[in-house]
Amino acid sequence: MEKKRLISGITSTGKMTLGNYLGAMQQFVELQDEFEMMVFVANLHAIVLPIEAKVLKENIKSMVALYFACGLDPNKATVFLQSDVLEVTNLAWILSCNSTIGELERMTQFKDKSTKVRADNGTNFIPTGLLTYPTLMAADILLYDAQAVPVGKDQKQHIELTRNLAERLNNKFGEMFTIPEPIIRENGAKIMDLQDPTKKMSKSSTNPKSYIGLLDDLKQVESKIKAAVTDSENIVKFDVENKPGVSNLMTIYSCITKKTNSQIEEEFKGKNYGDFKAAIAKVVIKLLQKIQDKYQELFNSQQVEDWLEQGALKARTIAARKLQKVEWKVGLKYKK
Ligand code: TYM
């Protein structure tokens, strides 16, 4: 039986965080044995808001090496750069022409980001790409006939839109797209900000204490965990509503050690937050040390470039065939 195809990507706007790792990357690595896994660096999505060319290049190079350092295996997963497949912007255009401004404006991410841009720069500076971001994301998924998309919770709405667009075009022009399912893990789908545990941990945060970068200095990682906001109870208990900080730290610990919340509560019964944070720091540092060692080995290697070219070749073959079919169905091509 053919393996189910899965696809996902991470935007190269900044350095990868522990949130990206636990919500997305860890899943990619676990799923690559069982499924046909395609993973790309979403560099086209990274230019939606202004970013310096030099910074973007560094981010991309670093992210590609990190993908492999985190455990993506080039012999199992197809790893590529989003912009290496030109077909994706072509399909994104077709999807944009079949979506409405209203449905794109309803996306939570658009609302949040445009509110921020408006506050920083004024109303007239909202890039068009910020609005059409989800149609490019839908193209990323539909172009490869992916059956499922492993993501964190914040991307759920974008996958729902992708499903709606796929159904809409299938009805209008005839069957052409596979309807993708999101894969969102129960634990770790939304890792929170260490300083404000009611907010998502984000690589675009301006306060470095609020997130852990996979390439952070390990001493700093320890102090960030020690400085994470908790509460005054000194009881390790999972209760998102009343103890968001402690619950978030428990989730991080649980995703890495695979212990359940009740096992963790048991382990820290009678102990204080100092002991709890020291234990978390230990497992996070062990994980990051392993990733960073591998990263150092891969960062400047030709091997990474070769793997990326091999991935792009495979992705392009699938994409070209698909786009041909779509263009025929939609009527853009008159010769089969
Ligand atoms: P991005 O770069 O914001 O995040 C990449 C992945 O990490 C997940 N994630 C988190 N999970 C748990 N806790 C967090 N704090 C956290 N922060 C981020 C995200 O849910 C995501 O799965 N638009 C996408 C990239 C993209 C994409 C796609 C994904 C472009 N095209 C097609 C899937 C399929 C994004 O910006 O993710």
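Six aromatic pairs occur in the structure, where Phe, Tyr and Trp (six-membered ring) rings pair if their centres lie within 6.5 Å, with planes under 30 degrees apart counted as stacked, over 60 as edge-to-face and the rest as tilted. The model is predicted, so local features need pLDDT of at least 70 and side-chain atom pairs pLDDT 80 or more, while totals for chains, interfaces and linings use all residues. Residues are numbered from 1 along each chain as its sequence is written, and side-chain values use heavy atoms, without hydrogens and water.

The ring centres of Y253 and F268 are 5.8 Å apart and their planes stand at 65°, so this pair is edge-to-face. Y253 belongs to helix α9 (residues 244-257), and F268 to the loop between α10 (261-267) and α11 (273-298); the pair therefore ties together parts 15 residues apart in sequence. Helices here are DSSP runs (H or I, at least four residues), numbered from the N terminus. Y253 is buried at 4% relative accessible area. Buried means under 20%, exposed over 50% and partly exposed in between (1.4 Å probe, protein chains only). F268 is also buried, at 4%. F268 forms an edge-to-face pair with F276, at 5.2 Å centre to centre and 70° between the planes. A separate grouping, F40, F80 and Y144, makes one aromatic cluster.

The largest nonpolar core has 64 residues, of which L18, M25, Y67, L72 and F276 touch the most other members. Such a core is a set of buried Ala, Val, Leu, Ile, Met, Phe, Trp, Tyr and Cys residues joined through side-chain atoms within 4.5 Å. Helix α11 supplies the largest share, 11 residues. Domain 1 (5-184 + 302-330) and domain 2 (208-296) both contribute, so the core lies between them. These bounds come from an automatic or database domain assignment. Another core, of 43 residues, lies apart from it and includes L95, A139, V149 and L169.

The structure contains 20 salt bridges, each a side-chain nitrogen of Lys or Arg within 4 Å of a carboxyl oxygen of Asp or Glu. K258 and E30 meet at 3.0 Å, N to O. K258 sits in the loop between α9 and α10 and E30 in helix α1 (residues 18-31), 228 residues apart. E30 is partly exposed, at 42%. K243 and E233 form a salt bridge with closest N and O atoms 2.8 Å apart. K243 is buried at 4%, whereas E233 is partly exposed at 48%. Salt bridges with shared partners join E30, R185 and K258 into one network.

Notes
Helices (H or I, at least four residues) and strands (E, at least two) are DSSP runs, numbered from the N terminus.
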